[in-house]
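Biologist: I'd like to learn how to read a few features of a protein model. Could we walk through them together?

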Amino acid sequence: MKALTCFFCTTLFLFAFTLGTFAQVPDTSKTNSSNVQDTTIIASDTTKNQFKETSGTDTVVMKSEGGLETMVTIVANDSAWNEVSKNILHLYNGAKVKYEEFELSADYIRLDRNTNQLFASGITDHNGKYVGRPVVIFPGDTPKSVDSLVYDYKSKEGNTYGIMTEQDGAYIQAKIVRKNLYDELSLRTGMYSTCNLPFPHTHFGIQFTKGLLAGNHIIVGPAYLVVENIPIKFAAIPFGFFPRQNKRASGFLFPSFGEDATRGLAMRDLGWYLAFNDYWDSEIRGSVYSNGAWESSVRTNYLVNYKYSGGFNIRYASTPTGVEGTPTFRNNRDFNVTWNHTQRQEANPGTSFSASVNFGTGTYFQNTGFNQMNSIEDITRNNMSSSISYGRVFADGKVNFTSSMSHRQEMSSGRVDLELPTFSLNVSTFNPFDSKNRVGEQKWYQRITVGYSLQGRNSISTGDSVLFKKEALSNFTNGFQHNIPVSLNLNVLKYFQFNTSVNYTERWYLQTIRKSLVNEVNGFSELRDTVQGFQRAYDYSMTSGLSTKIYGMYPKMGKIEAIRHVITPSVNLNYRPDFSDPRYGFYRDFINQNGLEERYSIFENGIYGGPQAGRSMGIGFSVDNNIEAKIRTENDTTGKGFRKIKILQGLTFSGNYNFMADSLKLSIINFSGRTSLFKEKINVNFNGSLDPYALDGNGVRVNRFAIQEGSLARLTNFGLSFDYSLNPKANKSRNNNIDSLRSQMPNLTQDQANALARVSTDPNAFVDFNIPWNLNGSFSMNYSKSFDQTVRRVRNNVTATVNLNGDFNVTPNWKVQFNTGYDFRQQALSLTRFSIYRDLHCWDMSVGWTPFGQYKSYNITIRAKASVLQDLKLTKRESHYVY
């Protein structure tokens, strides 16, 4: 009811002021005229009528009681008829009366001097429709539309009939509004609804028979709910008193109902909305189930325009499992916390802060299942992660500092990885030998670039059951890493790009390790000690290489005008010393429990690793391929219509050959590529690895090439995935719809702007009734080889899954949406979900059904729709999206 605010008072007050001033106008009107563009004021008045004959546009100079002059503009697109004998002025078709910044327009306005009454209304056109309703515009306010109005400017009283206005996305309608001398408004047969239609065909509203609006409160008589035009009078209140607040109001959140296969009948998301101020609000929700399970949540959103925005959600669930009174019975208690924060770049130039937090018990989504608060992605994911980051730019953008705290949690194993914190300091590359006053092109040595970066980490990896215990603090590992790259790039022999670089890396640690043997009863065992103290580890490497591009054109074939093949080969020579040499002190020797001498790094398991053992000098190589075809379009007679088809993109082979290795000098050859089919409706990606060496009888790689056994190389793994959309115009259609609405609504409220932003950034969160159908799918397959020690042979492993989702309109207001998939290895369907949506214009209804599996359930939801979604004809998929 907060929207029943000052617009009633303002409307009738300005009517009174305007019409009261009309009574003082000295003017004369004589005859009826039509289609006159302009008239002038007649000096004498012999008819005692204060209004002149006018048609088109007329301006009248008026004096108030204080002697100040103002202008009143009277406009009638059709005609203005002054009925002299009755002292009545009639204005027709697009009539307007403008006084200062106040404006009244209607297709018919009548001023009766004898009864001191102003009457404004619409007219009935040739189709029998009531058009041209009176519209009142006040300074700094939105237009107010009414069916008709009558006002007595002598007694300053009048009635407004059929008024309707929008306030914060809701709509107020009243059949009769009357103003008294105390600036109080009396309402009769009023309705507060979310529907913007003059006669709502479907709505959920509050209807009251009588009401009184004073300066700071509202008093209503009997009030009751109305659903689908069905009055629910048994839920009526006989009397109500409401304070009038110029802000968002708190209120009740209606629940949804359904059934869960494991928790029983459900009443979900019952709650209360708390509107604290214009900057933040909250909603408290709860769900209860017939078997004793329950859930609760607190969701808070905040927004400071042009500075930052965000929100957090804290959820807790209690889920009993097993049979009560038996040893298998237990009560699972789970929680989940999310927090998102975004800072506007212009709020603090050079500084950034953002947060994306998601942590909790690993079984939360498993025990709470699929509902309006949990998406399919939530219950199928195997990990949760969080990140809070801060950044600052110094020295005119040349120095960049970033820091973050992050967490990653595997739900199946309960393992938690924490980074508390991580930071980096990066200095942009610069040319130390270049001169600011240089004239002409750079010399070769002036092209040398140098950079610098510093990273620091403090991390722990442990189980979630011991994470918050005291002993976990001693398991943190930390370290720092400095990196200085020096590089040079030159063009050589016109067609080649030469690059060479030297990379120096230094690591600082506060702990190192030592290994030794301990004599025990049953023999010797290995002991690993951690030694506290500062230690530095450094290494360096050098690389030089050449790369070029080779263009090939294939001859014309039928409709194929040309095929272009671009090959990008590159080769580099790399060298790294052996940092396990005793002179560096990074490695030590000890006799292991088998009596063999073993060399180990004192920086083993260091957070940034340590210098590698063994000298390396080799040749790295890679070949990248892109193939495109130009095809003549059909039905083109000019010979100039062509379209390009991408045959292969990024088909790359890469590897390395180490001259210094004593065996297995050639590395595994990796390859990857992508392409698109059927006019880019299907995107295909593939990757794999080729091993050039053969295996012995124990499945161990030996120094013998596979080609010697009859095959070029062994395919050790191969991955293939593709996704497709049979209606790729669906997203384009939605974006055009959003852009069109944004252009039609230039003065969007903040809530409407936020809703449009939400739709634009996450279109999958909404059901679009403007798109009649859509079908998307994806397929992924992975093939790998592994040696089975049991049967002593190579075993092939293949996994393949297919996922399918889409929707279609049964009627313009009914849509069916589905998600499903199939795992070929498990030979089982993945999570399958059907949803039915009904567009109720200002409300929407959804029925969700999971027919089988662990999350078997159904749910029925009815909720209000934001006004901008009514115009977009969109429906929210989930209940927790807030505007």
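Biologist: In which strand is Asp334 found?

Modeller: Asp334 sits in β27, which spans residues 330-343; strands (E, at least two residues) are DSSP runs, numbered from the N terminus. This is a predicted model, where local features need pLDDT of at least 70 and side-chain atom pairs count only at pLDDT 80 or more, while totals for chains, interfaces and linings use all residues. Residues are numbered from 1 along each chain as its sequence is written, and side-chain values use heavy atoms, leaving out hydrogens and water.

Biologist: Which side chain makes a polar contact with that of Asp334?

Modeller: Thr361 does, at 3.1 Å. A polar contact is a pair of N or O atoms within 3.5 Å; within protein, one must be able to donate a hydrogen and the other to accept it, and residues adjacent in sequence count only if both atoms are side-chain atoms.

Biologist: What about the backbone: which peptide bond is cis?

Modeller: Most peptide bonds are trans. The one from Leu420 to Pro421 is cis, with omega near -10°, and Pro421 belongs to β31 (residues 415-430).

Conventions
Helix = DSSP H or I, 4+ residues; strand = E, 2+ residues; numbered from the N terminus.
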